[in-house]
Amino acid sequence: MSGKRVLVTGLSSYWGGRLAQALERDPGVDVIVGVSPQDPTCELTRTEYVRVGTQHALLERIVRAAAIDTVIDTRMIVDSAAATPKAAHENNVVGTMNILAACGGPESPVRKVVFKSSAHYYGCERDDPAYFTEAMRRPHPPRTLLEKDIVEAERAVRAFAERNGDVTVTVLRFANGLGPDIATSHMALLSLPAIPSILGFDPRYQFIHEDDIAGVLEHAALDELPGAYNAAGDGVLALSEIASLLGKPLAPVLPPWGTGIAASALRRAGIRIPPELLQQLRYGRALDNRKLKAAGYAFRATSRETVQAFAEHLRTRGLRARDGEGYQYEREVEEFLRWSPAVRGDDRLRLGRLSRDQLAELARALESLPEARPVRLAPRGTESGSTLRTGSPSSSGGAADPEPAADP
Amino acid sequence: MTASQPALPPATRSDDPRAHLPAIEPERTITDWGRSERLEGLIDRTLYSFLYHYWFRCEVEGIENVPATGGALLVSNHAGALPPDASMITKAIQEEHPRPRKLHLTVEHFFKGYPFFSMFVTKIGGVPAHPANVHRLLHDEQQLVLVFPEGAKATEKLYKDRYKLRRFGRGGFVEAAMRAGVPIVPIAVVGAEEAMPTFAQVGLLKRLTGLIYFPITPLFPHLGLLGAAYLPAKFKLRFLEPVRTDRMGAEPWEDKGLVQDVAGDIRARIQDELVDMVGRRRSVWFG
């Protein structure tokens, strides 16, 4: 029985890195390949990183060569402040098409594609429902370039799903993410001393905690979730409620008419409110997350808890001033740690290190094999034992336990 | 090793959407619909109380027809340039019902575009009249929802047409109740027509101001903001016997003829009650 062979795009993004870390802990995942135009931003042990161009044009060769069966696409840019419109289009539309092309085809080894999208797919309009469900389409054509790109990318994913019936295609539409380790336009606004708002509007808002973003991606990677799913924390907050949770005043600096002009004036003053966010500040938006819950995902934080955690982070940010620099990727160091024979014991980034429980499980499984098999038991047993000892010498006492059970 | 067995379903899958509604967070004073307990309570204790008890001196009949539990769709006639009927129905349930329940008012989408008004209407319990919103409230959350099937056609009608019900849309409200399997409670309200009668509509001023209509009432526009004041008409509210929608066969909403029939019946019942109530009324101001 072989495990999953996973490819994660957007490894350098926060979500890509978190997901790779989670997959590394899963013994059911054999191979993790991460691709990204930028270096990874978090420490990884057995994930293999390949630098690719923003268009992901050569991805097909990686997919075929590594016999990837699951592709998780966390690369979408969902914040127009994060990139220029041209770069965002290149990444969101051209990149998506190339990735889908790499996953499709008659001999493709890919059996599952997970696509990280955004609630911007639905847009924000006056005649929206209070909760968007996955089956709903946006009532009006996209207003901003970013939304247009997201809609176009999702259309490509839907077409891919129709053409490749044997591939499980999951589309995850995330509400605005919030957490200490990610940086979005929303968080920039909420970090200001007063929260800018549009005069006369108190929109409904939903957030998803960064842990839940990683959790939902992992759930989709390991479980079967065909179709589109909304991902948002329980509960919908009013902007005024968010302000009071953060202990800040609301500053209605944007007029209800001529909002765009006022926003560009604010931009000159250093406060950047992207166009898709202006729509949200006016009409608000909420997603119905019940389909994802029904599919077995349990959210760790509600919208309110997410904002509270963020408020705590804002209050203690100054106290926790950088104790040591963050992780920095250096290819030579990573390769040395992974592959050099000089690296020993704990320092070695081992593939598939087995825990005590897993070894016991393996022993039981071997025991239950038919009589003809035990001939091969002895060399197998010693092999796994030796792997374990190099892997974690400190727990060799624990590793010795299951061995007698393995060869009675 | 579970991950390599994709066929294994998680333990907690359930298809009933009601099982996955978000839990209520007791620390909050604003609901997920944006309704503010504080503002609503304040308005209820001051303005609504005053209007209900002293200004309109509301009289209520048949409050027992509003179910104490489960979802129900309340359907009423509608009148007045700034219609006071919704707030008086809300207040009547608060005051007279043995188990007072919150009422969600469906409002037109254009409210969401008006600054301040959008904020205010949402906070006192207004919900945009989207079919998905009504279904979630009625079916999933088992709430009371009030609709005015006449819509804006009723609020822009002139004084000479008072108590003549307008067309009931395309029966969308009946369809919503059928889908949710909840009863429809018709309500007849007398008094709202005289509280803020409209004598004329000025199309040019409507276009210039960008309002949904520009009425001429006894106090508006010549008294400016005072034009929002009501005349002290006597209010009578009659809650009629509920119409059950859960015994009309499987998927009755697919039968458009049936939907139209039920909508027509409800309209006729409200119209008959209005004729009866207006016929018994001796004075517009004293009842």
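Is the crossing of H1(A) and H6(A) left-handed or right-handed? In this predicted model, the two helices cross in a right-handed sense.

## Helix pair in chain A

Two packed helices are described by the angle between their axes and the distance between the axes. Helix H1 of chain A covers residues 14-25, and helix H6 of chain A covers residues 210-222. Their axes come within 9 Å and cross at roughly 55 degrees. Angles of 65 to 115 degrees would count as roughly perpendicular and those under 35 degrees as roughly parallel; H1(A) and H6(A) are therefore oblique to each other.

## Residues at the crossing

On the H1(A) side, the residues that meet H6(A) are Tyr14(A), Trp15(A), Arg18(A), Leu19(A), Ala22(A) and Leu23(A). Their counterparts in H6(A) are Glu210(A), Ile213(A), Ala214(A), Leu217(A), Glu218(A) and Ala221(A). By class, this contact of H1(A) with H6(A) comprises 9 nonpolar and 3 charged residues, with no polar ones.

## Overall form of chain B

Chain B contains 9 helices and 9 strands. The C-alpha trace of chain B spans about 80 × 40 × 40 Å along its principal axes. Because a compact globule of 287 residues would have a radius of gyration near 19 Å, the 21 Å of chain B agrees with that expectation.

## Burial and contacts in chain B

Of the 287 residues of chain B, 40% count as buried. Among the contacts in chain B with a separation of 6 or more, 74% come from residues 24 or more positions apart.

Methods: Residues are numbered from 1 along each chain as its sequence is written. Chains are lettered from A and ligands numbered from 1 in the order in which they are written. This is a predicted model: local features need pLDDT of at least 70, side-chain atom pairs count only at pLDDT 80 or more; totals for chains, interfaces and linings use all residues. Axes are lines fitted to C-alpha atoms, for helices over the stretch in contact, and angles run from 0 to 180 degrees between N-to-C directions. Helices (H or I, at least four residues) and strands (E, at least two) are DSSP runs, numbered from the N terminus. Angles under 35 degrees count as roughly parallel, over 145 as roughly antiparallel, 65 to 115 as roughly perpendicular and the rest as oblique. A crossing is left-handed if the near helix is turned anticlockwise from the far one by less than a right angle, and right-handed if clockwise. Two residues are in contact if their C-beta atoms, placed from the backbone, lie within 7 Å. Ala, Val, Leu, Ile, Met, Phe, Trp, Tyr, Cys and Pro count as nonpolar, Asp, Glu, Lys and Arg as charged, and the others, Gly among them, as polar. The radius of gyration is taken over C-alpha atoms; the globule rule is 2.2 Å times the number of residues to the power 0.38. A residue is buried if 20 or more other C-beta atoms lie within 10 Å of its own, exposed if 12 or fewer, and partly exposed in between; C-beta atoms are placed from the backbone.
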